[in-house]
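Morning, everyone. Have a look at the model first.

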Amino acid sequence: MALTNNKAVLAWLDEMAAMTKPAEIVWIDGSEAQLEELRKEAVSTGEMIKLNEELLPGCYYHRTAENDVARVEDRTFICTPTKEEAGPINNWMDPKEMYAKLSKLYDGSMVGRTMYVIPYSMGPVGSPFSKIGVELTDSIYVVLNMAIMTRIGKAVMDSLGDSDDFVKCLHAKKDVNPDDRYIVQFPQDKTIWSINSAYGGNVLLGKKCFALRIASYLGMQEGWMAEHMLILGLENPKGEVKYICAAFPSACGKTNLAMLIPPEYLQKKGYKVWTVGDDIAWLRIGKDGRLYAINPEAGFFGVAPGTSEKTNFNALAATKKNTIFTNVAINNDDMTVWWEGLDKNPPENATEWKGAKVNGKEFTADGNKLAHPNSRFTAPAVNCPCISPEFENPEGVPISAIVFGGRRAKCAPLVYQSRDWTHGTFVGATMASETTAAAAGAVGVVRRDPMAMKPFVGYNMADYWNHWLEMGEKLGDKAPEIFHVNWFRKDENDDFMWPGFGDNMRVLLWILDRCEGKVGAKETAIGYVPEIKDLDVEGLGISEEKLSELLAIDKQNWIDDVEDPATGIKAYFAQFGDKLPAAIKAELDKLEANLNNM
Ligand code: GTP
Ligand code: SPV
Ligand code: MN
């Protein structure tokens, strides 16, 4: 039975059902009883595998098609009325053409299948920050993931009332044919159409498609921001909590930083980190003129490999119940899960991610991986031991600092601070990172990824930078300070120079000290870099020499970063022509002048 009388919702549902022709339509009311029925059904068809109820209560395993294991950026489109609105770095097609093309693919795609109707809220139901979506899907896996990642069910429809202000999301799994796979956003229509995938970010449409691509466009129009950022609260020994947002590209450490456990001696002093969000932040200017953030999600869709008790105890703890694992390996002896980096002990009686039964020890000895590098866990946020008491706060948390970062073997120092918001916007706009397994395609190639939003901006990136500059003007002297970090600098042996993970706390403390004006800094060509004495490295055993190397700015590396004809800042900016904001161009001129004077 329909959960609403909302005419706009029902008319759209009728239209989509007429096109996809499902055998049955089922509304997802959010009740545990209904979700449990769906879990049972998915287990009976083999879509999901039940894991050990004692060791991993309420946990399930799912394997996607081998060709369907990551976001597909080359199949992702922003269909604005003109190509210019989508900008040079988004795939674009005329909306009419795209609707016509996809309508043919959707036609009859759900014959003999059930269409599930998922009402969901991004953000706490009823919060002034929150937005509503309805996802239609023929995948139980999607329903069960959305039930963890968002707030779903009847309460959401009640909160929508008879308004037509909701995002229309259609997903059909069809036959998972990569040649006909499309992930399409129509920002002006608040519409998302996804077809021929059954993997994560391609199909959990509340996440990247809505909460970033559609929301970034809405934010530009309505005066707020949707960003690919974690949100954490850092509590000091006095019990004061300051909040930090950080934007790193996919698989570059957001979940890890958001759940950081401080080094033991800092814990003993009383420092603690609270997680508000691990992937997406919606930011608005509050009544007091400061920037406030909410996490629009309700769960974590986290990278499994590399997650261990040592690296991210809190994330691992969050996966111990009511979690869905995708494309990791199964330990058949006790029906638990395993992935590279969990421990040094691959199960002998294993099923690797593609489904083959193998001896894990022999298999991995040959350099094979048991889990896909982009295998993931979908865990409820409430499971996380360090979930912030402010997680459900409908007004969000006030942000003191914004941090950008990426994977850079060279160039970017461990940390630096921008001179002001405009310079900080430039620092974000010129971010670059080595690509990871989170998206299909080559891994380890440096590419520009402004604000970690390259794959997620729902309109012209140049207009997005302009929106950042305008937000800065509105915030004035209440604007957060903007920083850049790099946990991934490497030495001549190709080893990471910085221990990372919990020790990143040391950098966060410097960042907050700078926000509070407690420490000085060294002014350099690219911004403010810490004085060695101000970075707390107690117990790290890192030499002063190595630390200065980590903080060094190599003139030639930076000139190359500006000039490189393939990956450099100038070549990147050239694509935007006259649309490049003048203030951003002025910052580039300043950087060049500063580098020449070094
Ligand atoms: P998405 O969910 O794709 O947006 O990724 P994310 O930004 O949340 O990345 P995540 O925290 O899951 O980390 C991705 C990978 O980077 C994992 O394999 C981590 O173990 C590794 N990683 C995270 N933080 C650090 C760090 O400080 N140093 C090093 N060397 N590796 C890190
Ligand atoms: C990312 O790739 O940034 C993710 C995973 O957070 S996905 O939801 O697949 O986009
Ligand atoms: Mn992400």
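Start with Phe404. This is a predicted model, and in it Phe404 is buried, with a relative accessible area of 0%. Its partner is Trp468. Trp468 also counts as buried, at 0% relative accessibility.

How are the two rings arranged? The centres of Phe404 and Trp468 lie 5.6 Å apart, with the planes at 50 degrees. Planes under 30 degrees apart would count as stacked and over 60 as edge-to-face. So this pair, at 50 degrees, is tilted.

Now where do they sit? Phe404 is in strand β24, residues 397-405. Trp468 is in helix α14, residues 461-475. They are 64 residues apart, and the pair links distant parts of the chain.

Phe77 belongs to strand β4, residues 76-78, and Tyr182 to strand β9, residues 182-186. The pair therefore ties together parts that are 105 residues apart in sequence. Buried or exposed? Phe77 is buried, at a relative accessible area of 12%. Tyr182 is buried too, at 8%. The cut-off for buried is under 20%.

Rings also gather in a cluster. Which residues does it join? Ring pairs link Phe426, Trp465, Tyr572, Phe573 and Phe576.

Next, charges over rings. Arg407 puts its charged end over the ring of Phe488, 4.2 Å from the centre. Lys490 lies over the face of Phe496, and here the distance to the ring centre is 5.2 Å.

Asn486 is in the loop between β28, residues 481-485, and α15, residues 504-515.

What does the Asn486 side chain reach? Another is the backbone nitrogen of Phe488, at 3.0 Å. Phe488 is the residue whose ring has Arg407 over it.

And what does Asn486 touch, leaving out residues up to four places away in sequence? The list runs Gly406, Arg407, Arg408, Lys410, Ala412, Pro413 and Leu414. Arg407 turns up here as well.

Methods: Residues numbered from 1 in each chain as written. Chains lettered and ligands numbered in written order. Predicted model: local features only at pLDDT ≥ 70, side-chain atom pairs only at ≥ 80, totals over all residues. Heavy atoms only, no water. Helix = DSSP H or I, 4+ residues; strand = E, 2+ residues; numbered from the N terminus. Buried < 20%, exposed > 50% of the residue type's maximum accessible area, 1.4 Å probe, protein only. Phe/Tyr/Trp six-rings, centres within 6.5 Å; stacked < 30°, edge-to-face > 60°. Lys NZ or Arg CZ within 6 Å of the ring centre and 35° of its normal. Polar contact = N/O pair within 3.5 Å; in protein donor to acceptor, adjacent residues only side chain to side chain. Contact = heavy atoms within 4.5 Å.
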